[in-house]
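Welcome, and thanks for taking a look at this one with us.

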Amino acid sequence: MVVLRSRARQAAPALFGLVLPLPPLRDEHVDVPGINLAATTEDNSKTRRGWALFEGTSVDSGYVKRGEFLDRATVGKIVKATELPIDHRLIDHANAFTVEMLHPNDRLEAVTEQEMLLGKNRFLIGGELMAAATIKLISTDAFTGLRTYEFTTMLRGLKGTFLNSQYHLPNTLVVALDYGGIYFHDYAVSRIGEATFFKFVANGGLVATAVPI
């Protein structure tokens, strides 16, 4: 007698595709047209890794694979934020952000003020590029495993984004830029101004059912 063992195929996780409004982060990107992209998931039960970027000429058609990526981004959301007036040229010791991560594997770490000033712990919060030295774990959800942190001792409005630094409302996304999963997608100069559609598709997922951005 031959016994056959069947294995259910794990469904691909639904992805959050992120088109990030970032200024050039590297010197080699200053004169190169392009955008920064990332993806993550809130589905904590899925272990499948990796995703692909598809670019289309319309909402429903013309999608072509532009790249395959292994890492997802480390992403959280604002739970609470104070917005006391600050001088963005100085370290912000007045305000605090409470940030809940979207995935239980997402962890953040504190750095010294000197390390922050030298470029560590950069984040995109809404449209603001900022940095945080003091990142304190304040709770871990017993059911989901999601961690919540408090950000203090911050640099605000970096690279000309200070006008985007006011009034971060709850659920504003917080994208960690030092933890991997951020990808630069370049464009020809002639394409500036074109409408472009992206789909972020997890390994094993279907392009047809992915939500276009």
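In the largest nonpolar core, which counts 17 residues, the members that touch the most others are Leu 18, Leu 20, Leu 22, Val 75, Met 116 and Val 175. Two elements, strand 1 (16–20) and strand 8 (128–140), each give two or more residues to this core. Strand 8 supplies the largest share, three residues. Please keep in mind that this is a predicted model.

**The cores**

- Beyond its neighbours within four places in sequence, Leu 20 is in contact with Asn 36, Ala 38, Leu 124, Val 175 and Ile 182.
- Another core lies apart from the largest one; it has 15 residues, including Met 101, Leu 108, Tyr 149 and Met 154.
- As general background, nonpolar side chains tend to be buried together in soluble globular proteins.

**A closer look at His 168**

- Where does His 168 sit? Its place is in the loop between strand 9 (147–155) and strand 10 (173–176).
- Is His 168 buried or exposed? Its relative accessible area is 7%, and because the cut-off for buried is under 20%, His 168 counts as buried.
- The side chains of His 168 and Glu 128 are joined by a polar contact of 2.7 Å.
- Glu 128 is also among the residues that His 168 touches when those up to four places away in sequence are left out; the others are Ile 78, Ala 81, Glu 83, Phe 97, Ile 125 and Arg 156.

**Overall architecture**

- The protein is built with 12 strands and one helix.
- Read from the N terminus, the order of elements is β-β-β-β-β-β-α-β-β-β-β-β-β.
- The C-alpha trace spans about 70 × 50 × 25 Å along its principal axes.
- Among contacts in the protein with a separation of 6 or more, 68% are between residues 24 or more positions apart.

**Surface and charge**

- The protein has 213 residues, and 39% of them count as buried.
- Its accessible surface comes to about 12400 Å², with 54% of that belonging to carbon and sulfur atoms.
- There are 22 positive and 23 negative charges, and their mean positions lie 9 Å apart.

Key: Residues are numbered from 1 along each chain as its sequence is written. This is a predicted model: local features need pLDDT of at least 70, side-chain atom pairs count only at pLDDT 80 or more; totals for chains, interfaces and linings use all residues. Side-chain values use heavy atoms; hydrogens and water are left out. Helices (H or I, at least four residues) and strands (E, at least two) are DSSP runs, numbered from the N terminus. Buried means under 20% relative accessible area, exposed over 50%, partly exposed in between (1.4 Å probe, protein chains only). A polar contact is a pair of N or O atoms within 3.5 Å; within protein, one must be able to donate a hydrogen and the other to accept it, and residues adjacent in sequence count only if both atoms are side-chain atoms. Contact means heavy atoms within 4.5 Å. Accessible areas come from the Shrake-Rupley method with a 1.4 Å probe; for residues, only the protein chains shown count as cover. Lys and Arg count as positive and Asp and Glu as negative; His and the chain ends are not counted. The place of a charge is taken as NZ of Lys, CZ of Arg, CG of Asp or CD of Glu. A nonpolar core is a set of buried Ala, Val, Leu, Ile, Met, Phe, Trp, Tyr and Cys residues joined through side-chain atoms within 4.5 Å.
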